[in-house]
Amino acid sequence: MPRLAPVATLLALACAACTGCGLGDRERDAAAAAGRFQSALEREDGRAACRELSAETARTLEQQEQAPCDQAILDLDLPRDAPRGVATVYLLSASVDLRGGAVTFLDEEPAGWKVAAAGCLPTEPGHPYDCELEG
Amino acid sequence: MRRFVKHNGLSLAFLGLFLAAIVFQAVAGLAVFNDEQTRHGESPISFFRYVTSSSFGVAVMENWQSEYLQFTLFMLLTVWLVQRGSPESKELGKEGRESDEDQLVGDHAKRDSPRWATVGGLRRRLYENSLLIVMGAIWIATWFAQSVSGWNEYNSEQLDHQEATISWLGYLGSADFWERTLQNWQSEFLAVGSMAILAVYLRQRGSPESKPVGAAHETTGVEG
């Protein structure tokens, strides 16, 4: 049993060090979700865009705009740019850079990656992004 | 089998306690994590998802690294430092690596001594320091694992709050990394230090961690 202890420890360490790392599939899925959202905005399809929103963000949008999501979302000043590069994934959160410089933030839900905040621009270092849409 | 259990009772008992504790830690940790998810309007995750996440990983690793540091430092410092009256210390005057005769190495090894204690050169040097090397290596590895899983957890929080992520090197200099590290270190150092001094004056009959009940307070380096 003592001989197994170092092996078991090393295996546990390898697992612990790798847990939550952004693996390729998840990064691609997050980028794809952001791409579907941007594509829906580009063709003015509010219903398709709202399908890519997290439930919390869609609910917040409707409460703030006092209008159904598929109408309210097209009234926002959201960028229509396509994603640039792959997503950055940590645990259940991701960010995708857009070609115009804005950032889209996503959360992983049981149904897949959903947009939590969009039209986000950097502010001062160490401060949150300023987002046109957020939950 | 019974003989095996009897001869290895101490390690088996702690293995059982460790397994029970880590399972219940995972259960409690999942509950806390999912409470936060719900509070943020996000979906809860499964038990399997949680125990394979960096959130659980950092919670485990930050504790493991401090435990192995504790033993690494304790082994190292007790070579050269003494505590008068403590069973955790060598006798006064025996500071240092001690003679080959005291350590039963080379020509002074016994018939049943480990093989590498009987040889010379690199093999003996490695074996003489094997406990420190392995414990120290595990400490470094678990501290590294803490840094990686903690970095993932930190950046997940950053993205969740629509803030920029940081590099791993940036995380090593962050308050989050050092707060996690030092909160564990301080408790380990306190525990070892208090054990070293409390054992001067207090006793636990039958435990090798204690002096014999009737041993004088000044008696150093004897076990009960």
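The legends below describe a predicted model.

**View 1. Chain A, with five helices and five strands.** Of the 135 residues in chain A, 41% are buried. Among the contacts in chain A with a separation of 6 or more, 47% join residues 24 or more positions apart.

**View 2. Strand β4 of chain A and the strands that pair with it.** Strand β3 (residues 103-109) of chain A pairs with β4(A) in the antiparallel sense, over six bridges. One of the bridges joins A:Glu108 to A:Trp113, the latter in β4(A). The pairing of β4(A) with strand β5 (residues 130-134) of chain A is also antiparallel, and four bridges hold this pair in the assignment. Here A:Leu121 has A:Asp130 of β5(A) as its bridge partner. In a regular strand the side chains alternate between the two faces of the sheet.

**View 3. Burial of strand β4 of chain A.** Strand β4 covers residues 112-121 of chain A. Eight of its ten residues are buried, so β4(A) is largely enclosed by the rest of the structure. A residue is called buried here if 20 or more other C-beta atoms lie within 10 Å of its own.

**View 4. Chain B, with ten helices and zero strands.** From the N terminus on, the elements of chain B read α-α-α-α-α-α-α-α-α-α. The radius of gyration of chain B is 23 Å, whereas the globule rule gives 17 Å for 224 residues; chain B is therefore more spread out than a compact globule. Along the principal axes, its C-alpha atoms fill a box of roughly 65 × 40 × 40 Å. Buried residues account for 25% of the 224 residues in chain B. Of the contacts in chain B with a separation of 6 or more, 53% are between residues 24 or more positions apart.

**View 5. The two domains of chain B.** Domain 1 of chain B takes in residues 1-52, and domain 2 is made of two segments, 54-97 + 131-224. Between the C-alpha centres of domain 1 and domain 2 of chain B the distance is 21 Å.

**View 6. Helix α2 of chain B.** Helix α2(B) runs over residues 9-39, a length of 31 residues. At 1.5 Å a residue it should span 45 Å, and its end C-alpha atoms are 45 Å apart, so the two values agree. Two of the 31 residues of α2(B) are buried, which means that this helix lies largely in the open. Just after α2(B), B:Gly41 has a positive phi of about 70 degrees.

**View 7. The side of chain B that touches chain A.** In this contact, 30 residues of chain B meet 28 residues of chain A. Two elements of chain B, α4 (54-80) and α8 (130-160), each give two or more residues to the side that touches chain A. The largest share of that side, 14 residues, comes from α8(B). By residue class, the side of chain B that touches chain A holds nine nonpolar, 17 polar and four charged residues.

Terms used. Residues numbered from 1 in each chain as written. Chains lettered and ligands numbered in written order. Predicted model: local features only at pLDDT ≥ 70, side-chain atom pairs only at ≥ 80, totals over all residues. Contact = placed C-beta atoms within 7 Å. Nonpolar A, V, L, I, M, F, W, Y, C, P; charged D, E, K, R; others polar. Domains from an automatic or database assignment. Buried ≥ 20, exposed ≤ 12 C-beta atoms within 10 Å, placed from the backbone. Pairing = 2+ DSSP bridges. Expected span 1.5 Å × (residues − 1). Rg over C-alpha atoms; globule rule 2.2 N^0.38 Å.
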